[in-house]
Amino acid sequence: KEEDEIKRLKGVIDFRTEHLSQLVSKSSIDASYHSAHESTEDEQNLTTPVSDISSIKDEDDDHQANMDAMKTLLLPKLPLSPVGDGDEDDEDLLFNDKDREIQLAPPTIPEIIEEEDEGQDREEKGSLKDEAQPSKHARPPLQERSSSSFMRTHDLEIEGGNIMALDGDNAPLLIEALTKMGIKYATDEGSMWTPTSDTKKYVDKREGEVAMSWLPHPWYQPHNKKEIFVWSGKFDHGGHGSDLPAIKTRGIIKCSSRSLVDLIVDSKRVKEYNGMSLGRTDDFIFQEGVDTDPCDSPLGIGGAAKLIRSKSKPPLIKKPIELFNIMHARKLDEEKGEKMGGYVISTRAVWEKEEYADALAKGGKKSGLPSDTTRNELLLGVNIVRDLDGEFEGWCEITAISHLNSPGIPLSLGKRIGLSAATNNIKSLQSIWG
């Protein structure tokens with residue numbers, strides 16, 4: 001049996017070495033290298049253990065040059081697993097090349113998997129073959145970021161502390177948790193939101209109006225551009241910012257939901273609807289494409305996600321206002337219970353250093369932040385955008401939440417400013433499409 005096995009393996013070696021000698025004779029060394037690499041995939045299919053093939057090495061001197069070629073061309077490609085029964089004679093099974101060895105042992109399953117993965121990486125990096133290109137939405141891994149950013153997580157119902165870094169596995173978890181919380185509050189038509197007097201007049205006339213039968217409360221939809229609904233409320237989580245008022249607004253705009261989402265996400269277009277803006281930049285892009293499917297995402301979440309930095313100069317304010325936020329925009333997913341359809345955009349303040357967030361929570365003094373601007377904290381920003389039908393076909397509805405922490409501004413004044421700004425924001429968006 002051993003003699004038969006030796007003959008079989010000799011035949012395999014003869015076949016491979018003859019093939020290799022033909023490759024070596026080619027004029028292009030690079031082409032030979034890639035062809036040899038392809039042949040090694042077959043080499044790894046050997047499944048019969050070898051007990052002794054030492055005599056093969058002395059059989060035919062004519063094959064020695066081809067053996068050397070095989071060592072040179074195939075050495076980086078073959079797994080280096082131990083063979084034989086562990087005796088000293090096992091050394092005869094090896095073709096020695098200084099400290100490197102080619103072994104004719106069958107690779108283990110983990111080694112096969114590892115070799116296939118490495119082969120795929122090499123093809124992606126250097127193959128000249130026509131292959132499917134990566135999705136245009138794919139982004140570098142988060143671990144390649146040069147620095148971290150930190151986000152408050154006290155109200156996201158996840159473990160890890162009140163402030164967590166937007167890095168590694170944390171990033172998709174925090175981003176999606178923020179978006180889900182935003183959807184929850186933006187679609188809440190219950191008692192947490194108190195309408196302004198004008199809004200109350202509108203909704204009282206429509207008692208029992210239901211546009212979303214799956215919601216526990218009626219959904220009030222504006223019937224024309226002049227109807228802009230505004231509510232105020234406070235969050236009941238009891239954590240940071242729960243004492244500050246949040247503003248919710250709703251209006252309709254003569255454009256598709258996707259057109260409006262594209263406008264809001266595009267940092268270069270902020271000045272089209274914000275006359276006080278000094279500009280907004282994308283500091284870091286986790287992934288692009290509002291329509292990105294979670295299966296195509298390096299994060300495992302849908303949509304576009306990025307860090308944005310903006311500055312604005314409101315009237316009577318000495319220094320520009322700066323915001324540094326995480327923005328996530330994606331389709332609403334019915335499989336996640338988001339039955340409304342349309343899109344959601346969620347935003348929240350992030351911090352270059354964890355101590356910056358702590359300092360602002362204590363009043364903003366001696367925070368270490370740049371002194372040429374005033375850093376405000378967006379505790380939560382949400383936009384739910386959906387297409388309308390019937391007589392409003394071609395229009396979309398936007399429901400927006402703004403929950404802002406502006407150090408140094410009294411609560412009563414901050415609420416009045418917030419109510420006015422929220423209404424003006426809807427009007428500015430409406431004016432773009434007439």
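Okay, some ground rules. We're looking at a predicted model, where local features need pLDDT of at least 70, side-chain atom pairs count only at pLDDT 80 or more, and totals for chains, interfaces and linings use all residues. Residues are numbered from 1 along each chain as its sequence is written, and side-chain values use heavy atoms, with hydrogens and water left out.

So, the overall picture. The chain has nine helices and 14 strands; those are DSSP runs, H or I of at least four residues for helices and E of at least two for strands, numbered from the N terminus. There are 434 residues, and 44% of them count as buried. Buried is under 20% relative accessible area, exposed is over 50%, and partly exposed is in between, with a 1.4 Å probe and protein chains only.

Now, the inside. What is in the largest nonpolar core? That core has 39 residues, and M151, L166, I326, L380 and I384 touch the most other members. Helix α5, residues 170-186, gives the most, with nine residues. By nonpolar core I mean buried Ala, Val, Leu, Ile, Met, Phe, Trp, Tyr and Cys residues joined through side-chain atoms within 4.5 Å. There's also a second, separate core of 24 residues, which includes V270, M327, Y343 and A422.

On to charges. The whole structure holds 19 salt bridges, meaning a side-chain nitrogen of Lys or Arg within 4 Å of a carboxyl oxygen of Asp or Glu. Take K336 and E176, which pair up at 3.3 Å, N to O. K336 sits in the loop between β10 and β11 while E176 is in helix α5, so this pair ties together parts that are 160 residues apart in sequence. K336 is partly exposed at 40% relative accessible area, whereas E176 is buried at 8%.

For a local one, look at D262 and R258, with a 2.8 Å salt bridge. Both lie in helix α7, four residues apart, about one turn of the helix.

Then K306 and D282, at 3.2 Å. K306 is in strand β9 and D282 in strand β8, so they tie together parts 24 residues apart in sequence. K306 is buried, at 10%, and D282 partly exposed, at 35%.

Last stop, the surface: S371, in the loop between α8 and β12, is exposed at 61% relative accessible area.
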